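Try each task yourself before you read its solution.

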Amino acid sequence: MRYGDFTPFDIVLLLQGLGVSLALFVSTTLIGLVIGTAWAVIRFYRVPVLMQAVTFVAELLKNSPVLVQLFLVFFGLPAFLKINVTPTEAALITLSGNSAAFIYVIAVSAIESVGRDQIEAARVFGLTRWQILRRVIAPQATAFAIGPLTGLLVNQLQVTSLISVIGVMDLTKVGNILNLRTLKPFLVWTAVGLLYYLTAKLVTYAGARFEKRLRAHTAWKGL
Amino acid sequence: MISITGLRKSFGAATVLNGIDLEIRQGEVVSVLGSSGSGKSTLIRCINGLEKIDAGKITVDGFDVSKPRELSEARKRSGTVFQLFNLYPHMTAVQNVALAPIEVLKVPRKQAEAEARELLHSVGLTERADAYPSQLSGGQRQRVGICRALAMKPSYLLLDEVTSALDPEMTSEVLSILAALAKTGTTMVFVTHEIEFARSISSRIAFLDKGQLIADLPTEEFFSATGMALPRVAQFLSKMRKD
């Protein structure tokens, strides 16, 4: 066996890379969901100052490349604050912030999609702003948001591949290593691409199922 | 008692209500008539606090609706039924009716839903209690809307053109429920275009024209010589009867 040949262990290596990518994807999505939704709630309550701050930060995160943000966190922050940032921490911070910004946009439009008339009805019957948000707006906004959110998450899954640049051992980094060792780029990148593809399909499938369940009340079955 | 004094409301340059004085006592059914754009719906929306009033005062059982602290008390005393039903589409009929009692009055869910079922039963919706609004006809939706208002056990029922979005058959099914409610002594402020029906259930008629209350008369007086003596009322009634 030549040094450059594929070995069964390579499959384990690929799966390990996939595991790292998935772990980062899931954790940054969850953090992004919490932060992005919280920002949307701040906007819903029109909290002064905080609301403007949120809009400003979200705009910054949305309108600059993730790779630049990643470099800023990984190289810039340690230099500026004299702290130590590991590649994983940098990836976690950057991707969470980026997801949060886009989830914020989706959450805001989802909240605004709920008809004013229902909100007026709820107000008239004495429900508080929080009760209206929780019982009337949230269930419908969630159903509305699942579509755009699935689209965003499929994209964010691909974006995780950027973190290989700063040395996180994710799927793309493993692909890079295998490629350099075997010098069979077509095989390696096909396998890596296929793994991303399958994961993205899984995300889409889960989103569609969840949406179907949340929309059980509407007669609308699509065109 | 709902007491309105010197009520003024404008949207930008358009004055919609221009100095309204009106009192609605417990047990009365007051129909508010007037052509489109005369300010009828806005009057209802001022009473339940959906619109901020520009001048004057509205109190519901003494609670001033323009003071945020008193508004919630005022709202507990009045129930609104909307022209376009305004149901929550993600909730079944029962859930629509039980939501406010559970959240605002803190009634236990089981009890609130049992009471909601009873209300729906009383308007002939026993079979449709677990249907979503999108699965109901317009008349059925409005009956749910009425139950939702009644579930809060309001002292006053505010009805904002509740049959305007319904065809004649559905209108009659909703009106028969309102007639039954009027008989039980429910206090109602009834904004409507259904002149004949208003005549049959109201104790008083208030007539709005261009944001002013130009008549506030006992029903039969309104439809007799006293009302006809007012040119605007005579014109309105003759037009509506021709249609």
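Before you start, note that UniProt positions are given here in the numbering used for this structure, and that annotations may be inferred rather than shown by experiment. Keep in mind, too, that this is a predicted model.

**Exercise 1. Find which residues of chain B the UniProt annotation "domain: ABC transporter" covers, and describe that span.**

Solution. Start with the record: the unreviewed UniProt entry places this domain at residues 2-235 of chain B. Next, look at the make-up of the span, which is 40% helix and 26% strand.

**Exercise 2. Decide whether the radius of gyration of chain B agrees or disagrees with that of a compact globule.**

Solution. Count the residues: there are 243, so a compact globule would have a radius of gyration near 18 Å. Chain B has 18 Å, which agrees. The C-alpha atoms of chain B fill a box of roughly 55 × 45 × 35 Å along the principal axes. Ten helices and ten strands make up its secondary structure, and 49% of its residues count as buried. Of the contacts in chain B with a separation of 6 or more, 64% join residues 24 or more positions apart.

**Exercise 3. Work out whether R43(A) is buried or exposed, and list its contacts.**

Solution. First locate R43(A): it sits in helix α1 of chain A, residues 8-44. Then apply the cut-off: a residue is buried if 20 or more other C-beta atoms lie within 10 Å of its own. R43(A) has 20, so it is buried. Setting aside neighbours within four places in sequence, R43(A) is in contact with M51(A), V54(A) and V108(A). From R43(A) to V54(A) is eleven residues in sequence and 8.2 Å in space, C-alpha to C-alpha.

**Exercise 4. Describe the largest nonpolar core.**

Solution. Begin with its size, 123 residues. V97(B), L120(B), C147(B) and V189(B) have the most contacts inside this core. Its largest share, 14 residues, comes from helix α4 of chain A, residues 87-113. A second, separate core has five residues, including V174(A) and L178(A).

**Exercise 5. Describe the side of chain A that touches chain B.**

Solution. Count both sides: 17 residues of chain A are in contact with 20 residues of chain B. On the chain A side, α5(A) gives the most, with six residues. Sorted by kind, the residues on this side of chain A are seven nonpolar, six polar and four charged.

Methods: Residues are numbered from 1 along each chain as its sequence is written. Chains are lettered from A and ligands numbered from 1 in the order in which they are written. This is a predicted model: local features need pLDDT of at least 70, side-chain atom pairs count only at pLDDT 80 or more; totals for chains, interfaces and linings use all residues. Helices (H or I, at least four residues) and strands (E, at least two) are DSSP runs, numbered from the N terminus. A residue is buried if 20 or more other C-beta atoms lie within 10 Å of its own, exposed if 12 or fewer, and partly exposed in between; C-beta atoms are placed from the backbone. Two residues are in contact if their C-beta atoms, placed from the backbone, lie within 7 Å. A nonpolar core is a set of buried Ala, Val, Leu, Ile, Met, Phe, Trp, Tyr and Cys residues joined through C-beta atoms within 7 Å. Ala, Val, Leu, Ile, Met, Phe, Trp, Tyr, Cys and Pro count as nonpolar, Asp, Glu, Lys and Arg as charged, and the others, Gly among them, as polar. The radius of gyration is taken over C-alpha atoms; the globule rule is 2.2 Å times the number of residues to the power 0.38.
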